[in-house]
Amino acid sequence: MLLLVLDLAGTFVFALSGATAGVKRRLDLFGVLVLSFAAGNAGGITRDLLIGAVPPAAISDWRYLAVSLLAGIITFYWFSAIDRLRSPVLVFDGAGLALFAVSGTQKALALGLAPVMAALLGMLTGIGGGMTRDVLLSEIPTVLRADLYAVAALAGAAVVVIGAALRLPSTAVTIAGAVVCFGLRFLAIRRGWHLPVAHQPGQSATDDPHTPGDRKDDHV
Amino acid sequence: MLLLVLDLAGTFVFALSGATAGVKRRLDLFGVLVLSFAAGNAGGITRDLLIGAVPPAAISDWRYLAVSLLAGIITFYWFSAIDRLRSPVLVFDGAGLALFAVSGTQKALALGLAPVMAALLGMLTGIGGGMTRDVLLSEIPTVLRADLYAVAALAGAAVVVIGAALRLPSTAVTIAGAVVCFGLRFLAIRRGWHLPVAHQPGQSATDDPHTPGDRKDDHV
Amino acid sequence: MLLLVLDLAGTFVFALSGATAGVKRRLDLFGVLVLSFAAGNAGGITRDLLIGAVPPAAISDWRYLAVSLLAGIITFYWFSAIDRLRSPVLVFDGAGLALFAVSGTQKALALGLAPVMAALLGMLTGIGGGMTRDVLLSEIPTVLRADLYAVAALAGAAVVVIGAALRLPSTAVTIAGAVVCFGLRFLAIRRGWHLPVAHQPGQSATDDPHTPGDRKDDHV
């Protein structure tokens, strides 16, 4: 039950991020709704296909569709209100990441997967929607460059896996995992924490890998 | 039987659209054949994976492959003849959309899916091939911006679902659905009907969302 | 056993190609590791999903993950050493292609698929990883334009299928298939062999389809 609520909440906030990106790229109403659904559900659908849980929950349960369309319509008709929030895509994205990382891990653990694999599938659930959103917009997925994005998801998933191994109460562990993931992601954005970029010969030492031009797909 | 013929005809016309787009982007012969196969079969393969019908018909039945390759070879060697038709990608695309929307819906209904889900899977069958074609060409999928594209597919699928609920003759319902979808799509192109684009603060009121530059991925 | 070793070796070299492309596009450490895993495993995962072998080996067997991460980390920290090899992406790519084409075909034959379908699935195993790598980097997949890329995979797969039909020793057939594929690919790069590009009306006859600008996604 908690799992379903988390999953639907994650779907909603990710769908908001997809719809916001779609409106910014001037897609029409249908395009915005497709991006809402894709951003909200592609991670979970991929996870379900990989573990053989077909048809995926996002297809067989109408609530995922309803929640995604709701987020898309709200964003489409009240875009200026949603846009007034500071860098809304990043914030919704971070919340969706946290919710999906813990719910995806819980689902994989419930199906009896090994801990490491469960954590990775949780991470995939978290990053799959955003990657699909960016691929559909013909951009290099944010997750491949952004500051501690997937690492945050993995940290949240690890909290859930370790908590489950220690037999701590499931609700507390879930909340702790989500808080760790969102907090880490939020701090990374605020403070500009990021993973290293490989040194390439011939580059000047002062060449900043994160110039504004490079970051255009971060939707900051 | 009717289902198979529709499906193969849809595969053929979609494969023509994929091959035409591939030739325009100067892909080599193999690239053109891959785009033919992807545009013709990705929608059906995705539908089959989602409903657990593996291996998908496009993989296990050689006729889908044969029809796709035929369309690709015809387009490759007689491109100037095919290009002389006015905006051929859009026309083939519209015909494929109509055929797949009704055949996909029929297949989903035959497998006992609920009406709303069957209509959505029909729509997905219709738009999946074109989306895959555009993603492979590193473009934002036409369907996310084009005039009443997916809405036309959904309308055709809805005709099939409603007709099935009223127990009308299957052949008549199928033809009606395809005609509704293609007609709606064709009128939308001719008359420039399109879905609304969200208002973004700071844009001038005269800013036309469909400037030629914006439309380059419509392959008009 | 031979199959597993080939598969892991193919995963390793493809993962090197993915990681090299990721470093060149200035992805961070995680992005480079994702590209390693995607380039190394997307072909096999797609094949396994299509033939209904879930969960795919790349998900259930930790060695695929370990080998991919190893390749990514080596490339990330010793990039200048790897880059000193001439056009390393193309070379690793060719080796991965050869190994995957034969191992994918062997696996499909072992599951009892028909020869033609087994050869095509072998080819898909070979080209799927590179296509996913390029789509994630928002580029048109190299395979759709490059010189005899997929044709080489298909030739290697055909050697395996024909050898199996003639009941020749499996190890010899596998090695012969890999050598044919890699050799053909290597010669195509060296000598500039390529498949024809369709003639489009209005193009000047001297218009070279393979200008350097066109080839930027070949990572030469």
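**Stops on the tour**

Start in chain C and select Ser138(C), which sits in the loop that links helix H7 (115-136) to helix H8 (149-165) of chain C. Keep in mind as you look that this is a predicted model. The phi angle of Ser138(C) is near 60 degrees, a positive value in a residue other than glycine. With a relative accessibility of 21%, Ser138(C) counts as partly exposed.

Now move to chain A and pick Arg167(A), in the loop between helix H8 (149-165) and helix H9 (170-191) of chain A. Here too, phi is positive in a residue other than glycine: for Arg167(A) the value is near 60 degrees. Is Arg167(A) buried or exposed? Arg167(A) is exposed, because its relative accessible area is 74% and the cut-off for exposed is over 50%.

For the last stop, go to chain B and show two helices together: H1 (residues 2-24) and H4 (residues 62-77) of chain B. Two packed helices are described by the angle and the distance between their axes. At what angle do the axes of H1(B) and H4(B) cross? They cross at roughly 35 degrees and come within 8 Å. The crossing of H1(B) and H4(B) is right-handed.

Next, display side chains where the two helices touch. On H1(B), the residues in contact include Leu4(B), Leu8(B), Phe12(B) and Leu16(B). On the H4(B) side, look for Tyr64(B), Val67(B), Ala71(B) and Ile74(B), among others. The residues of this contact between H1(B) and H4(B) divide into 13 nonpolar, five polar and two charged.

Definitions and conventions: Residues numbered from 1 in each chain as written. Chains lettered and ligands numbered in written order. Predicted model: local features only at pLDDT ≥ 70, side-chain atom pairs only at ≥ 80, totals over all residues. Heavy atoms only, no water. Axes fitted to C-alpha atoms, helices over the stretch in contact; angles between N-to-C directions. Helix = DSSP H or I, 4+ residues; strand = E, 2+ residues; numbered from the N terminus. Left-handed = near helix turned anticlockwise from the far one by under 90°. Contact = heavy atoms within 4.5 Å. Nonpolar A, V, L, I, M, F, W, Y, C, P; charged D, E, K, R; others polar. Buried < 20%, exposed > 50% of the residue type's maximum accessible area, 1.4 Å probe, protein only.
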